[in-house]
Amino acid sequence: MQVLLVNGSPHKEGCTYTALGEVAKALRENGIGAKIFWIASKPLAGCTACHKCARLNRCVFADTVNEFLQLALDYDGFVFGTPVHWGGATGAITSFLDRAFYADLNGGGRRFLLKPAATVISARRAGTTATWDQLNKYFGLMQMPIVTSRYWNMVHGANPRQVAQDLEGMQTMRVLGRNMAYFLKCKEAGGKLGVEMPPQEPLVFTNFIRE
């Protein structure tokens, strides 16, 4: 089993990477493979609602969103990390998730269906819980069970060295990794015992305004 950890920071090996690395270490120690995927520092366009993903099963823009979508089917769980910018998730990770999940949903890819997910937040000081709430909404819409830790999944520090000194935050990352590993093992055990995936109904969209 494998977990893909997405680094949504513009810094490849900064605070968010440090937190994700602690989660990845705990996953590996518990028999789960882990890879960190960086969304890179180039600007990421937001979704333009062109709906071409319904035909392509990927985004029309060629960037790291499609690189991630190519990998996603082969992974059993996901952790999405972001620093806090202006009290919320970065614009880059927001655009990334908007497009990745919308392309999968519209294209019928089912890369994420009932696969566990978690978010990891890094901040110098504040905005962590608002960001945690913000990203968890994506998982709820995509039918992804949300894995938690013994505290909200956050670390504090202005640089990787300071993050490493946030002992409670780093412990929270390790617990998150162990909980994710436990959930994946339970899911695998259920499958071996014949527990089937629930049937999926066709999507129903109801608008509030009637014409």
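Helices (H or I, at least four residues) and strands (E, at least two) are DSSP runs, numbered from the N terminus. Residues are numbered from 1 along each chain as its sequence is written, and side-chain values use heavy atoms, with hydrogens and water left out. The model is predicted: local features need pLDDT of at least 70, side-chain atom pairs count only at pLDDT 80 or more, and totals for chains, interfaces and linings use all residues.

**Surface patch**

Phe205 is found in the segment after α7 (167-192). Its relative accessibility is 71%, so Phe205 counts as exposed; the classes are buried under 20% relative accessible area, exposed over 50%, and partly exposed in between (1.4 Å probe, protein chains only). Together with Leu105, Leu141 and Leu203, Phe205 forms a nonpolar patch on the surface, with about 480 Å² of accessible area in total. Accessible areas come from the Shrake-Rupley method with a 1.4 Å probe, and for residues only the protein chains shown count as cover. Patches are made of residues with over 30% relative accessible area and no salt bridge, where like charges are joined within 9 Å and nonpolar side chains (Val, Leu, Ile, Met, Phe, Trp, Tyr) within 5 Å.

**Salt bridges**

A search of the whole structure finds three salt bridges, each defined as a side-chain nitrogen of Lys or Arg within 4 Å of a carboxyl oxygen of Asp or Glu.

| Pair | N to O distance |
|---|---|
| Arg174 and Glu22 | 2.9 Å |
| Asp63 and Arg99 | 2.9 Å |
| Asp104 and Arg111 | 2.8 Å |

The side chains of Arg174 and Glu22 meet in a salt bridge. Arg174 lies in helix α7 and Glu22 in helix α1, so this pair ties together parts that are 152 residues apart in sequence. Arg174 is partly exposed at 28% relative accessibility, whereas Glu22 is buried at 15%.

The side chains of Asp63 and Arg99 also meet in a salt bridge. Asp63 lies in the loop between α2 (53-56) and α3, and Arg99 in helix α4, so this pair ties together parts that are 36 residues apart in sequence. Arg99 is buried, at 2% relative accessibility. In the remaining pair, Asp104 is buried with a relative accessible area of 4%, and Arg111 is buried at 8%.

Helix α3 (residues 64-72) has Thr64, Val65, Asn66, Phe68, Leu69 and Ala72 as its buried residues. Their cover includes β1 (2-7), β2 (33-38), β3 (77-85) and α4 (91-107), a contact being heavy atoms within 4.5 Å. In β1, five of the six residues are buried. Strands β1 and β2 pair in the parallel sense over six bridges, pairing being called if DSSP finds at least two bridges between two strands.

**Thr18**

Thr18 lies in helix α1 (residues 15-29) and is buried, with a relative accessible area of 18%. Its side chain reaches the backbone oxygen of Gly14 at 2.8 Å. Thr18 touches Pro160, Val163 and Met170, not counting residues up to four places away in sequence.

Notes. A polar contact is a pair of N or O atoms within 3.5 Å; within protein, one must be able to donate a hydrogen and the other to accept it, and residues adjacent in sequence count only if both atoms are side-chain atoms.
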